[in-house]
Amino acid sequence: MAWTKYQLFLAGLMLVTGSINTLSAKWADNFVAQGCGGSKEHSFQHPFLQAVGMFLGEFSCLAAFYLLRCRAARHPDASMDPQQPFNPLLFLPPALCDMTGTSIMYVALNMTSASSFQMLRGAVIIFTGLFSVAFLGRRLALSQWLGILATIAGLVVVGLADLLSKHDDQHKLSEVITGDLLIIMAQIIVSIQMVLEEKFVYRHNVHPLRAVGTEGLFGFVILSLLLVPMYYIPAGSFSGSPRGTLEDALDAFCQVGRQPLIALALLGNISSIAFFNFAGISVTKELSATTRMVLDSLRTIVIWALSLALGWEAFHPLQILGFLILLTGTALYNGLHRPLLTRLARGRPLAEEDEHERLLGGSRTPINDAS
């Protein structure tokens with residue numbers, strides 16, 4: 001069945017904003033500017049402040065939720081029906097996981113390329129599958145185990161590509177290895193977040209925009225408060241500020257004042273996360289969860305192609321192989337091979353109910369998978 005103009009718009013919005021989210025964060029990292037007190041020029045390395053901005057973008061989804069609810073009051077919408085009461089503190093544990101995982105990934109993005117960052121995030125499948133078996137009592141199908149094995153193989157290939165690629169002064173080999181390992185470590189935390197959401201949050205049938213916004217509120221408030229002690233905690237080589245602390249928000253604002261394009265990059269990151277969540281939820285509703293998975297994979301290609309075009313990284317053919325293996329792993333784990341097998345075996349379209357399986361047992365995405 002042909003897509004409507006609105007569905008095409010949603011698919012395009014998800015692909016574009018999802019790509020902008022990673023590219024804008026990397027663009028901000030590439031700027032060099034003076035900090036506070038006349039300090040010498042240095043790179044804009046403020047991952048925790050960037051994470052605060054990301055949560056601000058998520059928090060804005062609450063505004064979208066209430067706007068839709070006001071609209072539903074005039075034009076009834078089944079998806080905005082009154083929901084059962086729930087305790088907002090249910091979102092605190094997954095929000096803490098989201099905060100920790102996102103912060104680690106922004107630290108890692110300073111150390112490695114945008115394309116490797118996006119590809120290595122595919123490791124979430126491995127830990128999600130294992131945790132769903134251990135804590136949710138799920139039984140994975142053979143195709144899902146094969147998907148996990150393919151994902152592990154893809155991660156190895158992407159890691160080899162990073163090892164063999166040419167490295168400049170900005171991305172030394174030791175930093176690239178550390179960054180790649182941090183990204184994979186962050187996926188363990190993201191997997192815990194997904195299991196917590198599945199076990200405690202989804203049973204309350206909370207609207208996805210409200211869920212994203214509530215987690216964003218917790219993450220924004222908590223991480224903003226943590227910026228104060230981070231200003232004094234020494235971080236050694238992990239620090240990007242002249243003071244050598246874990247995060248120097250004042251230095252970041254001084255750099256933004258001296259290089260306004262950094263503000264544009266941060267604004268792009270904040271707004272793209274909000275629109276990406278909205279578009280992703282809408283794509284799942286209007287099309288299918290499978291389509292959302294495919295579009296999410298396509299943004300990796302866009303990020304990689306633009307990073308090469310902008311000269312942010314060097315081409316290495318192993319990255320193509322790694323991406324294809326990771327894509328195969330994602331397809332197998334989420335059952336994207338089933339439509340083809342169904343058509344070949346029965347000669348008819350895939351049943352609609354198969355298109356909306358859960359990721360932890362098929363194709364459900366986490367409440368927030370845009371970071």
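Mentor: A residue is called buried when its relative accessible area is under 20%, exposed when it is over 50%, and partly exposed in between (1.4 Å probe, protein chains only). The structure is a predicted model, in which local features need pLDDT of at least 70 and side-chain atom pairs pLDDT 80 or more, whereas totals for chains, interfaces and linings use all residues. Residues are numbered from 1 along each chain as its sequence is written, and side-chain values use heavy atoms, without hydrogens and water.

Trainee: What percentage of the residues of the protein chain count as buried?

Mentor: The secondary structure of the chain comprises 13 helices and 2 strands, which are DSSP runs numbered from the N terminus (helices: H or I, at least four residues; strands: E, at least two). Of the 371 residues in this chain, the share that counts as buried is 51%.

Trainee: How many salt bridges does the structure hold?

Mentor: Side chains of opposite charge can pair when their charged atoms come close. A salt bridge requires a side-chain nitrogen of Lys or Arg within 4 Å of a carboxyl oxygen of Asp or Glu. The number of such pairs in the structure is 3.

Trainee: Which residue forms a salt bridge with Glu 198, and how many residues apart in sequence are the parts that the pair ties together?

Mentor: The partner of Glu 198 is Arg 138, with the closest N and O atoms 2.9 Å apart. Glu 198 belongs to helix H7 (residues 173-201), while Arg 138 sits in the loop between helix H5 (124-136) and helix H6 (142-164), so the separation in sequence of the parts they tie together is 60 residues.

Trainee: Is Arg 138 buried or partly exposed?

Mentor: Glu 198 has a relative accessibility of 7% and therefore counts as buried. Arg 138 has a relative accessible area of 24%, so the word for it is partly exposed.

Trainee: What is the relative accessible area of Arg 299?

Mentor: Arg 299 meets Asp 296 in a salt bridge of 2.7 Å, N to O. The two stand 3 residues apart in helix H11 (residues 289-309), which means that about one helical turn separates them. Asp 296 is partly exposed at 21% relative accessibility, whereas Arg 299 is buried, its relative accessible area being 0%.

Trainee: Which residue just after H5 takes a positive phi?

Mentor: H5 itself has several buried residues, including Val 124, Ile 125, Phe 127 and Phe 131. Just after this helix, a positive phi of about 70° is taken by Gly 137.

Trainee: How far apart are the C-alpha atoms of Thr 330 and Leu 146?

Mentor: Thr 330 is part of helix H12 and counts as buried, at 16% relative accessibility. Leaving aside residues up to four places away in sequence, Thr 330 touches (heavy atoms within 4.5 Å) Ile 125, Thr 151 and Ser 297. Along the chain, Thr 330 and Leu 146 are 184 residues apart, yet the distance between their C-alpha atoms is 9.9 Å.
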